[in-house]
Amino acid sequence: MRKIASLALCTLSLLAYSQENVNQTAFRQLKQELATPNSYRTAAGFPGHEYYQQKADYIMNIELDDEKQRIYGEETITYTNFSPDALPYLWVQLDQNVRAKDSDTKKVSTSSIGDDISFSNLKKLMNDFDGGFKLDYVQNENGEPLAHTINKTMMRIDLDEPLAPNKSFSFKIKWWYNLNDRMQIGGRSGYEYFEDEDNYLYTIAQFFPRMAVYNDVEGWQNKQFLGRGEFALAFGDYKVSITVPEDHTIASTGVLQNPDEVLTEKQKESLEKAKTASQPVLIITQSEAEKIEKKKAKGKKTWIYHAKNVRDFGFASSRKFIWDAIGVKFGDRTVMAMSYYPKEGNPLWEEYSTKAVAHTLRTYSNTTFDYPYPVAISVNSKSIGMEYPMICFNYGRPEEDGTYTARHKYGVISVIIHEVGHNYFPMIVNSDERQWTWMDEGLNTFCQYLSEMEWDIDYPSRRGPAYKIVDYMKGDKSNITPIMTNSESIFQFGNNAYGKPATALNILRETIMGRELFDFAFKKYSQTWMFKHPTPADFFRIMEDASGTDLDWFWRGWFFSTNHVDIALTDVKWMQISDKNPNKQFAFNKKIENSREDFEGDLKNKSNRKNTLVELDPSTNDFYNDYDKHKVTSVDREEYKAYLSELSDEEKKELTSKKNFYELNFSLIGGLVSPIILEFTFTDETTQKEYIPAEIWKMNNTTASKVYWFNKELKSINLDPNLETADVDRSNNYWPERMVPSRFELFNKETKKKEEEMTKDENLMQRAKRAK
């Protein structure tokens, strides 16, 4: 008898699942997909020794016409060329031309009409608004006309001689344009009209011709602005004077330079008090704002703001603003978190806005870097969520009676966290939004989720956890694009650019890398690319370099493909070591044989046994007809004795250990390689969790097997027990197979429809009022 330990099969369950062909290059390194490292950007994801970026400084005089709803502006742009290239021309962005009557955005927007259409959608469909820039002049700094060519949302400035490296060029532009009614035709910028009071709330952005980015990756980033892919902008210093009606209050990027001219003594005192307050301090109260909005002053007032090292500039203006503030300490600096909102925003805004701003600054700074700017502002206006340096515009108002739903409350907090969070991505970590939406929206949504968890561990976050992306991941692949898709070509924009990258980073942090490695690498990326222009390759590389973790397979699957995670536990074999004792083994074999189901034909044939030949003619019987293969003989005992004599004491101990061996077989159905996370539950109800890295699939992208042994007997196995991997089909994750109970309901169609409308987003505050 050979000296080996054999395993006796005890049970066998689960049918094998069908397998699909998957990408055989899942673990191929991203050499072809990423740009070759060079002296500008290193293979480690850091700026190279020859990295450069341009600078664009602005001096502007802006006037807001509250009668005609127009912006008038004059600016001097000083552009400094820090590249090694001589530039024969400069490109300027005219983003407001997206609202010109002949804009490509209107031409390429698809539209259709079904059996009905709302009046608001009909108005948008028939929109003939002219909101493009009207340029009065483009001049050099001496007032002489500059040769220029306007190509839709871009303008080329032709220079008399190329702008040499380390040289600057200044030029002037004068313009005006009509402001759009955001409530009628939408938009990131424009106004909200309050008909009852004949008042306006202006949220103003993309209001001036802005320099395009020139860098080592794109040359000039002069891709046309069609409306979805946002902005690529150079850092610079701004000096902006804004003239508005004298009873307006302005919220703006930058630091107010003339508070003595535009603020009252009481307002200045309240601002000073807010710096050290524990709760937000009102600078303009609701009662004060209500008095101001009832009258319209005839005079004008100019507010002057300076901002250093910002990539853009935005402001809001209205006579309706309530204003509150609180100081947030960063070392010896105090950052002012502030909110501006009309009375229609209360009580939600006075309760939550500035607290959410301050919370965002603290939590994001822990994740990335200390917030470097002097202010962070949240402005309330209807139907908007948009960000600019130091200021953002956010939706969300209660019902007229002051009540609101839980969903609405958390929606307001979340949009403020998200839009304030954009100060970090892309206002400071300045990625190219025109090309890669996910680099700011995805990273910001991930940080938003972390911030929400620090607001309340039971916070109802929309995005972040892996299980929340499952429905999207398992959807129709013809309606899904890879994350690494240009902003204008993305299907399902929110899921693709916000939800999926945020989920991917959460999986990296919680499952693939662990919090310590991930947090160090993510912070290193954030701090390294502060006030610089990173690319996707820089992010991918620094996350690997700083953590010592090969993640090419992860980027390839999650960012470059539309595959999904679906790992099936297809088969489990339970085995124990046979000690070869014939008295035990033969009895065990007989038990297994007797436990097998009988074939239907054999059951029917038993009734015909007496008519078989061996019964009718005994001469046809021999040794084998009466042989009992389960009967132990002396030869069996002698062989067993001989076998034992060859074993060492250690081997004999192992032979009688009664260990339980389990062979687990897995199938990769979804095509996206992923770790295998297992929870074993034993018959004594104790549990054990095992983590298998994704590299288990490196030699076979379709199937894998793994053997585990335990001193105890298993009761069940759960694959991905804590929903960590976004596995789209949980039904094939259990052993034994688990039946998930559900109920069905009989209903009347009309009654059901009414019930759904009532409970869709129920205002429990109003319900409680009715109960009283």
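**Note on salt bridges, rings and strands in a predicted model**

1. Glutamate 63 and lysine 300 join their side chains in a salt bridge, 2.6 Å from N to O. The term means a side-chain nitrogen of Lys or Arg within 4 Å of a carboxyl oxygen of Asp or Glu. The two residues are 237 apart, with glutamate 63 in strand S2 (residues 55–65) and lysine 300 in strand S18 (residues 300–310). Helices (H or I, at least four residues) and strands (E, at least two) are DSSP runs, numbered from the N terminus. Glutamate 63 is partly exposed at 27% relative accessible area. Lysine 300 is exposed at 57%. Buried means under 20%, exposed over 50%, and partly exposed in between (1.4 Å probe, protein chains only).

2. On sources: this is a predicted model, where local features need pLDDT of at least 70, side-chain atom pairs count only at pLDDT 80 or more, and totals for chains, interfaces and linings use all residues. Residues are numbered from 1 along each chain as its sequence is written, and side-chain values use heavy atoms, with hydrogens and water left out.

3. The salt-bridge count is 43. One of them pairs glutamate 230 with arginine 188 at 2.9 Å, N to O. Glutamate 230 is in the loop between strand S13 (219–220) and strand S14 (236–245), and arginine 188 is in the loop between helix H3 (182–185) and strand S9 (190–194), so the contact ties parts 42 residues apart in sequence. Glutamate 230 is buried, at 10% relative accessibility.

4. Glutamate 288 and lysine 266 also form a salt bridge, 2.8 Å from N to O. The former lies in helix H6 (residues 286–293) and the latter in helix H5 (residues 265–274), so parts 22 residues apart in sequence are tied together. Both are partly exposed: glutamate 288 at 24%, lysine 266 at 48%. Elsewhere, shared partners join Glu197, Glu293, Lys320, Lys343 and Glu344 into one salt-bridge network.

5. Aromatic pairs number 61. Rings of Phe, Tyr and Trp (its six-membered ring) pair if their centres lie within 6.5 Å; planes under 30 degrees apart are stacked, over 60 edge-to-face, the rest tilted. Tyrosine 364 and tyrosine 424 make a tilted pair, 5.2 Å between centres and 40° between planes. Tyrosine 364 sits in helix H7 (residues 348–367) and tyrosine 424 in the loop between helix H8 (406–421) and helix H9 (438–455), so the pair ties parts 60 residues apart in sequence. Tyrosine 364 is buried at 0%, and tyrosine 424 is buried at 0% too. Tyrosine 424 also pairs with phenylalanine 369; the centres are 5.2 Å apart and the planes at 35°, so this pair is tilted. Phenylalanine 369 is likewise buried.

6. Two charges sit over rings. The rule: NZ of Lys or CZ of Arg within 6 Å of the ring centre and within 35 degrees of the ring normal. Arginine 210 has its charged end over phenylalanine 231, 4.7 Å from the ring centre. Lysine 580 lies over the face of tyrosine 643, 5.7 Å from the ring centre.

7. Which way do S4 and S7 run? Strand S4 (residues 87–93) and strand S7 (residues 154–163) are antiparallel, joined by 6 bridges. Strands pair if DSSP finds at least two bridges between them. Leucine 87 faces leucine 163 in S7. Strand S6 (residues 148–151) is also antiparallel to S7, through 4 bridges. The S6–S7 hairpin has 2 residues between its strands, and lysine 152 in the turn has a positive phi of about 60°.
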